[in-house]
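I opened this notebook to record what I looked up in the structure shown below. The entries follow the order in which I consulted it.

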Amino acid sequence: MSGLTTNDLRRRIACAEVELQNLRILLTQAEAGEREKQLNEEQHAHGDEKLTQNDSAWKWPLRVEEYERYARQLILPGVGVQGQLRLKAASVLIVGAGGLGCPAAAYLAGAGVGHIGVVDGDVVEASNLHRQISHTTDRVGHFKAESLVVFMRQLNPLPRYSAHTELLVPGNATALIGNYDLILDCTDHPSVRYLVSDACVRAGKPLVSAAALRTDGQLAVLNWPIGKGPCYRCVFPRPPPPLSQMSCAEGGVLGPAVGVMGVLQALEAIRIIVAGVQANTNEDAHDDFAPQAPTLLLFSAGGAALKPPSFRSVRLRGRRPDCFACAVNAPLRRMWSAEDTGSSNKNVVAGGETGVAWPDYVQFCGGDFDRNISELQPDERISATELKRLLQEEYSRKSEGTTATDTPRLWLLDVREKELFDMGAINGAVNIPFSRIQRCQKKTQSKELDALPDWLPEGMRTDMAPIYLVCRIGNDSQVVTRQLKELGLDKEGKRFIGDVKGGIRAWKSDIDSTIPFL
Amino acid sequence: MASVPKPPKGHFNLLYFAGATSFTHKDYEPLPAPLSLAKLFAELEARYTGIRAAVLDTSLVTINLDYVDVPADGSGHDVVIQEGDEVAIIPPVSSG
């Protein structure tokens, strides 16, 4: 029709949308400016003396549109005008514009928190949208921090918003966090959680921390009262072992489960602000301030019909006397004070530490997030292309109608969880979920054949056909390859056991681009 | 979780959360009481090989909803889990 390709049209729509958003922002700012100007002119026209006698002049602490917008919370006991003014004067930084950050941001913006910052270096993907409710299909590909600010501005144009389109790292953490009164940890990896907590201890900011995975959620208010409440390290001094660390991308997550936790973060943040976070920023100034004992709130979204959703609250202790970050003479505090006084060098920090002011969080949490383990030797691994060739051989052998169809010439075991396997698998693969194999590990210490685990497919323990393991990206398959060899299934090296390098991801990129890869 | 039945006589209830549930495939189970807290992890390792390194060592432990530090076995600072107690294994959840 117009001679434009679909790509051209998409690009032009995206440009027009950005332009439209910018115009809306300009309009909001211009309107606010006009209101301000009008108010000033009125005051000038009347003069200060006349103003006090003029009933029609504005003389109330909140603006007219604020009374209207916040009416339902203003009339709540415990909030009132003072609470609303505290919300207006407060600033909150949301670290992570994902499944927790989106719902939290919605309620904070709605409540009229004066300045809301969002830090996130990622862009919106379609797989985010089932739970990251502030992003939209037409903002896929946009920075999450900016997308969330667009959402909040549409919801409530009155507050000030800042989008920080960068990852939180030790280099920017103090500066970013130092600019806000209260921090929300809405991140998705242990290494960032420790960094956010440490930076809050350093900057003296309360931290509302939440997390969710699959159907479980956790919520805690940390470093509150400032300098007295426990930090994240006090509650969880050691990070989970790397192989058990799962992100939502690997473990899955139910939208409302993570949503509940984000909403609870907004609730805690509003409670703290209304109670007066700004009045309690001095570490020694609030001995008479006695909030509830620190707790960890656990949420379980339930599962089968017999297991309904439930909450449980456990009492935490105060600061750990030996905490790495927040104890009186904590190693991190010594690093920071060395940095602050400009005397940062190797001699300042006891124990031969490096003398930099921040630990290596990625290493502390067991290495790179998307790392590939390499447990196996190169000759124990085959490529997706090689597997394709082997499968074709097997297929043509079967179709020739030989009598030996009962004894396969190769085993292909897919060790992904059942949900992923059911979504799409390589033809001929047998599914034995990794979790099932690990659960049966304790029975597999003995090498006697009858002691072999019951998950082994019929026939595999006795025949000599080579065994190929495949998983999602080629990590679990290496672990299982080792385990099968330790069981003696390789018959002292006479039988090949190995894995497919890169797993289903490689199969998708090299062999079958249609297979769903999640 | 709200409806965990009372443990049988001579037992305490052990509740599993998040990764502990994934590892054991249980929400809770009764274990014989009394049991020294310092011996709890060894007892669980005997039942679920690998759980100590994969889950327990980095988990928060509570007795009757109160945070406790699990002492090293033989350190002398022990707490004894009593009949009817409720002990919880709470691994950190990190995603969002």
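**Entry 1: around strand S4 of chain A**

I began with a strand pairing: A:Leu184 stands opposite A:Val208 in S5(A). The model is predicted, so I note that local features need pLDDT of at least 70, side-chain atom pairs count only at pLDDT 80 or more, and totals for chains, interfaces and linings use all residues. Residues are numbered from 1 along each chain as its sequence is written, chains are lettered from A and ligands numbered from 1 in the order in which they are written, and side-chain values use heavy atoms, with hydrogens and water left out.

Strands (E, at least two residues) and helices (H or I, at least four) are DSSP runs, numbered from the N terminus. Two strands pair if DSSP finds at least two bridges between them. I found that S4(A) and strand S5 (residues 207–213) of chain A pair in the parallel sense over 3 bridges. Strand S1 (residues 91–95) of chain A also pairs with S4(A) in the parallel sense, over 4 bridges, and there A:Leu93 stands opposite A:Ile183.

I then checked the two faces of strand S4 (residues 182–185) of chain A: A:Leu182 and A:Leu184 on one side, and A:Ile183 and A:Asp185 on the other, are all buried. Buried means under 20% relative accessible area, exposed over 50%, and partly exposed in between (1.4 Å probe, protein chains only).

**Entry 2: a second sheet in chain A**

I traced an open sheet of 5 strands in chain A, in the order S9-S13-S12-S10-S11, with parallel pairing. Its edge strands, S9 (381–382) and S11 (430–431), each pair on one side only. Strand S10 (residues 411–414) of chain A is joined to S11(A) by 2 bridges, and A:Leu413 has A:Val430 as its bridge partner in S11(A).

**Entry 3: chain B against chain A**

I looked up the contact (heavy atoms within 4.5 Å). The contact takes 30 residues from chain B and 40 residues from chain A. In chain B, B:Tyr67, B:Ser95 and B:Gly96 lose the most area to chain A, together 22% of what that side buries.

I noted a count of 4 salt bridges between chain B and chain A, a salt bridge being a side-chain nitrogen of Lys or Arg within 4 Å of a carboxyl oxygen of Asp or Glu. The side chains of B:Asp69 and A:Arg317 meet in a salt bridge (3.4 Å, N to O). S5(B) gives the most to the side of chain B that touches chain A, with 3 residues.

Key
Buried area is the accessible area (1.4 Å probe) that two parts lose on being put together, summed over both.
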